[in-house]
Amino acid sequence: MTAVTGSRQAAVRGWITRRRRLLRRLAVAAVIALLLVSGPWLWTTFAAHGHVYDEADAPAADVVIVLGTEVLPDGQPSARLAGRLETAAALVRSGRARVVLVSGDGNGVSGDEPAAMTAYLTGRLGVDPRRVVGDPAGLDTYDSCIRARDVYGVERALVVTQSYHVSRAVTLCRHLGLDVDGVTARCPSCSTWLIARKSARDYLASAKAAWDAVRRRPPAVSSPDSPAVEDALRGT
């Protein structure tokens, strides 16, 4: 009986040891998988460090890029888009920017983003129309950055968007060679739930951003060089 009991105890100890080893391996694998999945998000977060500012502390640049997002059915900017435009207008009024490049999807699901942005800036916010340039082919953040560089000749700019998006925008623009600083846009109606949901979406979008950056994806829409920004700067 003693020998049998000892054999059973040894088997149990062996099973426990194997189980612990398996759990340790699974834990290590989970950590590695998390790091791999989180790598793009970590890249966008750390690469933007030191280049993101609140509106009150923003540095100066000739151009401020406003990234498009949802337009309401009546053609007005959504609350988040209005917050971005209000921030850009404040930068112009304070002399920290001279020209606003509104970049979005001119044929978006919710409507013509640059047209709505331009109308809001020049109508509701009183920005001189000569200071506003629209890019209707900024279909996503990467395209907005690369087109600002290649089509509109922008080298130095501020980029305005909400807190959950600003690090990715800054990182992509800087990766593409633009000297960009981000400015966190106003968002008075942004609930904690909305910020959390958008942050989760941006976490996933970082993987696409990293892939676009690594393969140096060309913009979805190719356009000839435009002097619009340079002309606007000359006219201000």
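Which residues is Arg98 in contact with, leaving aside its neighbours within four places in sequence?

**Before you click**

You are looking at a predicted model, where local features need pLDDT of at least 70, side-chain atom pairs count only at pLDDT 80 or more, and totals for chains, interfaces and linings use all residues. Residues are numbered from 1 along each chain as its sequence is written, and side-chain values use heavy atoms, with hydrogens and water left out.

**Stop 1: Arg98**

Now for the opening question: Arg98 is in contact with Ala61, Asp62, Arg131, Leu233 and Thr236, once neighbours within four places in sequence are set aside. Contact here means heavy atoms within 4.5 Å. Arg98 sits in the loop between α2 (79-93) and β3. Helices (H or I, at least four residues) and strands (E, at least two) are DSSP runs, numbered from the N terminus. With a relative accessibility of 29%, Arg98 counts as partly exposed. On this scale, buried means under 20% relative accessible area, exposed means over 50%, and partly exposed is in between (1.4 Å probe, protein chains only).

**Stop 2: the nonpolar cores**

Next, select Val63, Ile65, Leu101, Val154, Leu178 and Val229. In the largest nonpolar core, which has 29 residues, these six touch the most other members. A nonpolar core is a set of buried Ala, Val, Leu, Ile, Met, Phe, Trp, Tyr and Cys residues joined through side-chain atoms within 4.5 Å. In soluble globular proteins, nonpolar side chains tend to be buried together.

Which elements give two or more residues to this core? Colour β2 (63-67), β3 (99-103), α4 (141-150), β5 (156-161), α5 (163-175), α6 (192-215) and α7 (228-234) to see them. Helix α5 gives the most, with five residues.

Zoom in on Leu101. Beyond its neighbours within four places in sequence, Leu101 has contacts that include Val63, Ile65, Val133, Tyr152, Val154 and Val229. A second, separate core has 25 residues, among them Val100, Tyr120, Val132 and Ala185.

**Stop 3: helices side by side**

Two packed helices are described by the angle between their axes and the distance between the axes. Show α4 and α5: they pack at an angle of about 40°, with axes 9 Å apart. (Axes are lines fitted to C-alpha atoms, for helices over the stretch in contact, and angles run from 0 to 180 degrees between N-to-C directions.) That makes α4 oblique to α5. Angles under 35 degrees count as roughly parallel, over 145 as roughly antiparallel, 65 to 115 as roughly perpendicular, and the rest as oblique. To see where the two helices meet, select Thr141, Tyr142 and Cys145 in α4 together with His165, Arg168, Ala169, Leu172 and Cys173 in α5.

Now move to α2 and helix α3 (residues 113-124), which pack at an angle of about 45° with their axes 10 Å apart. This pair is oblique too. The contact is made by Leu81, Ala82, Leu85, Glu86 and Ala89 of α2 and Met117, Tyr120 and Leu121 of α3.

**Stop 4: charged pairs**

Side chains of opposite charge can pair when their charged atoms come close. The structure holds 18 salt bridges; a salt bridge is a side-chain nitrogen of Lys or Arg within 4 Å of a carboxyl oxygen of Asp or Glu.

Select Asp140 and Arg217, whose side chains meet in a salt bridge at 3.1 Å, N to O. Asp140 lies in the loop between β4 (132-135) and α4 and Arg217 in the loop between α6 and α7, so this pair ties together parts that are 77 residues apart in sequence. Is Arg217 buried or exposed? Arg217 counts as buried, at 11% relative accessibility, while Asp140 is partly exposed at 26%.

Then try Asp202 and Arg168, with their closest N and O atoms 2.7 Å apart. Asp202 is in helix α6 and Arg168 in helix α5, so the bridge ties together parts 34 residues apart in sequence. Asp202 is buried, with a relative accessible area of 6%, and Arg168 is buried at 10%.

**Last stop: Arg216**

Finish at Arg216, in the loop between α6 and α7. Its phi is near 50°, a positive value in a residue other than glycine. Arg216 is exposed, with a relative accessible area of 66%.
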